[in-house]
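Please look over the sequence and the model together before reading on.

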Amino acid sequence: MSFRLRLTLLYSALLAAALVLFSSLLYGVLQWAFEQSVDRTLQEVAGRVARYYQTFGALPRLDGLGDRSTFILVRVDNTPVAQSSNFEGLFPLPEAARHGRAVFTTEFDAEGEPYRLYTLPVRFGPTYLYVQAAYTLRLLSTAKSLMMQPIVVGAILFVALGAVAVWLVAWKAIGPIEKVAKAARAIGESADLSLRVPYQGPEDEIGVLVRTFNDMLDQLEGLYARLAASVDAQKRFVADASHELRTPLTIIRGNIDYLRRAGTLDPEALADMASEAERMSRLVEELLTMARADASQTVELEPIALGPLVRDACRRAQAMPHQVEFRMEIPEALDHVVVMGHEEWLCRALMILIDNAFKYTAEGSVTVRAGRQGDGVVIQVVDTGQGIAPEDLPHIFDRFFRADRARSRGGAGLGLAIAKWVVGVHGGRISVESELGKGSTFSVWLPVVKGKRLEALPNP
Ligand code: ADP
């Protein structure tokens, strides 16, 4: 059952109930008022007869005491003593009257016509004289049945009109909702999240509903775009990773074939295989790190003094092959600067930067320095190497990106992506400034644990 129909039925039922209640009330009040007025008349007429009798010891002329619809009877027990000429028959004597109490009753004659009867006992020696005044209620039942028809017809008309009005109002109110539902269904079926529900109406409940729905579509569209981008990135990642793994495997298999055919252990081929195996294991480790980053694996952070950490990274980096001068400009004050970090990961990120600097610097120097920047600390790896072309700079932290396309240095292009992830996990930032032919500066900014003063550090 539609909402519109339910609303109409409910309203009609309520209206019908209200009308029935109102008509019953009207009926009741009418009857009560009529009976009140009849009762007063009867009381007055019977009272007049009683007073006359008590004053003069005889009964008055009963005709003319009331109007033509008032019948008067005076009786002693069941024997009539006097009666008005319009009298139509004997009424029963109510039990209460026999005990001397004046009483009103409603009686019915042989045809079932209702009468209002007032019985007034008047002392008559040892017993009572009963003065009875009756009034036909025919008028009331006629009036009631006369009223009944227009009331019923009117009520039916009212309910019908009300139902039509409610149906129309509901149609007007629900129409836009149906339109919204239709548009929403169409959007769902087309799976086109760029569509929006059109609405030109006022900013009422329906306007708010449409706006909320469209806002939700905005969010879904954004979410979907991000999801699609992430799926694309994953696909690219898997393709690139397999490609990277295939190269060393091909070299190793080629060398194994050659060794088999040659029947000797050629040291050059063995060295090739060892270096490719080494490259593969490095790559697998990097891929694992990236997979871990994608799984949003959190890294346990603890307070670490930066000075010792940076020095340790430099010391370990120094063991890596390099042909340029390596300088460390790490101020003593860095020993007192504490960051929330993971020692091993931070060390690895710095080593990636230093290793890159070594790899891409043929002459000059590589310098590691640290200083204050805002409310954090910045560690920089500065080289005087080949630099990075401006068009490559925006992609330098992308996975598998290599500006050095000839792969002469053998990396898979994952190092900087890993460094970026590590710095991000620490709530920091990584950036690069570079000039082709002059050198590059990689900066890692890290937030410092609150309360630790940085003033002692120089600006880099
Ligand atoms: P790779 O393992 O290839 O070094 P990275 O992600 O560490 O991968 O670096 C991505 C690319 O950025 C490198 O291939 C190289 O072309 C460029 N690059 C990184 N560091 C430097 C640097 N210090 N000087 C010049 N080029 C650099």
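The lining of the largest cavity is made up of 9 nonpolar residues, with no polar and no charged ones, where Ala, Val, Leu, Ile, Met, Phe, Trp, Tyr, Cys and Pro count as nonpolar, Asp, Glu, Lys and Arg as charged, and the others, Gly among them, as polar. These residues are L309, L346, A349, L350, L353, I379, V423, V444 and L446. Helix 7 supplies the largest share of this lining, 4 residues, and both helix 7 and strand 12 give at least two residues to it. The space inside the largest cavity comes to about 50 Å³, and the count of cavities of 30 Å³ or more is 1.

This is a predicted model, in which local features need pLDDT of at least 70 and side-chain atom pairs count only at pLDDT 80 or more, while totals for chains, interfaces and linings use all residues. Residues are numbered from 1 along each chain as its sequence is written, and side-chain values use heavy atoms, with hydrogens and water left out.

Some terms need their cut-offs. On a 1 Å grid over the protein atoms alone, a cavity is a set of points where a 1.4 Å probe fits but cannot get out, whereas a pocket is an open set with protein on both sides within 12 Å along at least five of seven lines, and lining residues have an atom within 4 Å of a point. Grid points are joined across faces, edges and corners, and a volume is the space filled by probe spheres set on the points. Helices (H or I, at least four residues) and strands (E, at least two) are DSSP runs, numbered from the N terminus.

| Pocket | Volume | Lining by class |
|---|---|---|
| Largest pocket | about 1,100 Å³ | 19 nonpolar, 11 polar, 14 charged |
| Second largest pocket | about 330 Å³ | 6 nonpolar, 1 polar, 6 charged |

The second largest pocket is lined by 13 residues, of which A233, F397, D398, R399 and A417 are the closest to its centre. Helix 4 gives the most to the lining of the second largest pocket, with 5 residues, and helix 8 also supplies at least two.

The largest pocket has a volume of about 1,100 Å³. Among the 44 residues that line the largest pocket, E286, I352, D355, N356 and K359 are the closest to its centre. Two or more lining residues of the largest pocket come from each of helix 4 (205-262), helix 5 (267-294), helix 7 (343-359), helix 8 (415-425) and strand 12 (439-447). Helix 7 gives the most to the lining of the largest pocket, with 9 residues.

Helix 8 is largely enclosed by the rest of the structure, because 8 of its 11 residues are buried, where buried means under 20% relative accessible area, exposed over 50%, and partly exposed in between (1.4 Å probe, protein chains only). The buried residues of helix 8 are G415, L416, A417, I418, A419, W421, V422 and V423, and they pack against helix 5, helix 7, strand 11 (429-435) and strand 12, with contact taken as heavy atoms within 4.5 Å. Just after helix 8, G427 has a positive phi of about 75 degrees.

Strand 3 and strand 4 (residues 114-124) pair in the antiparallel sense over 6 bridges, two strands being paired if DSSP finds at least two bridges between them. F108 has P114 of strand 4 as its bridge partner. The two strands form a hairpin with 5 residues between them, and G112 in the turn has a positive phi of about 85 degrees. Strand 3 (residues 103-108) has V103, T105 and E107 on its covered face, with F104, T106 and F108 on the uncovered one.
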